[in-house]
Amino acid sequence: MVSSIIIWPLLVSVAYARMEPMPLYNRQLIQRGRGALEARGDIKGSASAVWNHNVEMLTDIQIANKTFKVVLDTGSADMWLFCTDGADHMEHGREAYNPSTGKKMKADGKDAAFNIKYGKGYAKGHVYTDKVTLAGMTVDQAIGCATSVSKEDVDDREMDGIIGIGFNSGSKTLVDGLAQYPSATKSAMNSITSKGGGFLGLFKTDQPNAQKTFTENAFPQMKEGLFTADIKKNENSNYNFGYVDQDRFSTPLTYMPVRSWNQWIVEISGYTIGAGNSNDGTKKALIDTGTTNIMMPQDMAKKYFSAVPKSKTTDSKNWLVPCNASDAALPDLTITFSPPAPDKDAAIMLPAGKGGVKQEKYNAVVPGSLLIGNLSGKNDGMCQAGITGSDKSNGWDLILGDVFMMSQLIVFDIGDANGSRNKNFPERGQVGFAPKPK
């Protein structure tokens with residue numbers, strides 16, 4: 001899951017009509033009828049995220065009067081914490097979850113278990129329910145009490161666990177022809193098939209019945225059914241739940257519909273390296289707070305670094321660049337989003353800040369200076385690059401991780417209608433992008 005430069009996506013999860021910018025306070029909630037989302041609550045909560053060694057951000061949650069530091073991860077659906085029932089070396093130096101405060105879950109009369117395997121690393125143990133508080137919202141949450149965890153995560157003493165807030169459209173379950181939203185995300189703690197289920201993991205038997213993510217459980221409490229990410233380089237970052245900060249979102253938002261039933265995946269229509277020509281073509285991108293870098297197909301990564309004469313490859317997927325920005329001379333990377341026009345009869349919801357909404361082609365520019373990562377460790381003036389080559393996997397071509405989000409304000413809209421009438425994709429769920437204000 002975590003390497004020196006990457007927090008691998010935890011297996012997860014990641015908008016339209018031409019319309020004039022619409023301030024939030026002018027919007028009207030749509031009557032959704034049967035199968036609709038539950039009525040909104042009144043909570044507008046906020047949570048800070050602190051960088052840990054520049055590879056992950058940690059956010060505080062509370063359980064039984066204890067505070068745990070967890071990765072808030074849009075690239076996964078499960079919550080797990082290091083468990084006091086695990087080996088002593090796992091618990092040492094961190095806050096571990098004591099399952100005596102919760103209730104053990106059962107599956108077919110047996111103690112419910114989970115076993116998640118990530119792109120790098122794993123966690124396994126038993127499943128409990130307990131009250132979890134984040135950003136002023138308290139829910140009854142399924143928690144994996146991890147008694148066995150990969151060495152990479154055991155050695156990360158600052159991290160107490162992960163809380164997955166991956167997207168879920170619901171399943172394709174219909175009631176009177178209408179999809180039910182939200183409903184339990186397909187995760188490691190679900191018994192989807194006889195072989196297990198989930199986004200990216202390989203799961204064993206004895207999983208409990210389908211469990212909801214934290215954001216699904218908290219949905220009825222939120223003023224608006226969304227959360228936002230404001231990630232900053234070398235500074236504390238911020239997540240807001242239930243509202244769009246009107247002052248911070250002072251630039252126009254562009255929404256893209258979610259193109260996955262179980263992940264925060266959207267489509268990009270092209271990319272540009274520096275002042276070069278646009279490379280057009282539709283690709284699917286996972287928007288993932290649990291991954292540090294931008295991960296892209298190897299040919300795309302090689303094309304980028306071919307424009308960086310002083311870059312060095314350490315293997316087929318990772319590069320080093322000069323730590324000095326002037327020496328590195330990294331070109332900007334531009335990701336293009338082209339919002340599709342919705343069905344003319346579709347009802348859509350586009351939450352906005354003061355900058356309103358702009359449903360036109362949007363070029364999200366990642367300055368080259370943001371693509372210089374941590375020191376190589378060789379005292380050679382080289383740093384790890386913020387772009388990593390990868391093989392296509394799990395329904396996406398790219399992962400737009402924290403490095404990308406340092407240049408953008410992001411809205412993860414869980415339940416609002418996105419205008420889609422394509423039965424291959426959910427009708428609700430969208431991701432909004434806006435440039436950081438100057």
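Reader: Which residues of helix 4 (residues 298–305) are buried?

Author: In this predicted model, the buried residues of helix 4 can be picked out one by one along residues 298–305. Seen down the axis of helix 4, these residues fall within an arc of 160 degrees, so they line one face of the helix. The buried residues are Gln298, Met300, Ala301, Tyr304 and Phe305.

Reader: What is the nearest side chain of opposite charge to Asp130, and how far away is it?

Author: Asp130 is found in strand 9 (residues 122–134), where it is buried yet has no salt bridge. A salt bridge would need a side-chain nitrogen of Lys or Arg within 4 Å of a carboxyl oxygen, and the nearest side chain of opposite charge lies 7.4 Å away. That side chain belongs to Lys131.

Reader: Which backbone nitrogen does the side chain of Asp130 reach?

Author: Not counting residues up to four places away in sequence, Asp130 touches a set of residues that includes Ile63, Tyr97, Thr101 and Val139. The side chain of Asp130 comes to 3.3 Å from a backbone nitrogen, and that nitrogen belongs to Gly102.

Reader: How many residues apart are Asp391 and Lys317, the pair that links distant parts of the chain?

Author: Asp391 and Lys317 form a salt bridge in which the closest N and O atoms are 3.7 Å apart. Asp391 sits in the loop between strand 26 (387–390) and strand 27 (398–400), and Lys317 in the loop between strand 20 (312–313) and strand 21 (319–322), which puts the two residues apart by 74.

Reader: What is the C-alpha to C-alpha distance between Lys354 and Pro252?

Author: Lys354 is found in the loop between strand 22 (333–337) and strand 23 (362–366), and it is exposed, with a relative accessible area of 59%. Leaving aside neighbours within four places in sequence, Lys354 is in contact with Gln246, Asp247, Phe249 and Ser250. Although Lys354 and Pro252 are 102 residues apart in sequence, their C-alpha atoms are separated in space by 7.9 Å.

Definitions and conventions: Residues are numbered from 1 along each chain as its sequence is written. This is a predicted model: local features need pLDDT of at least 70, side-chain atom pairs count only at pLDDT 80 or more; totals for chains, interfaces and linings use all residues. Side-chain values use heavy atoms; hydrogens and water are left out. Buried means under 20% relative accessible area, exposed over 50%, partly exposed in between (1.4 Å probe, protein chains only). Helices (H or I, at least four residues) and strands (E, at least two) are DSSP runs, numbered from the N terminus. The arc is that of the directions from the helix axis to the C-beta atoms. Lys and Arg count as positive and Asp and Glu as negative; His and the chain ends are not counted. A polar contact is a pair of N or O atoms within 3.5 Å; within protein, one must be able to donate a hydrogen and the other to accept it, and residues adjacent in sequence count only if both atoms are side-chain atoms. Contact means heavy atoms within 4.5 Å.
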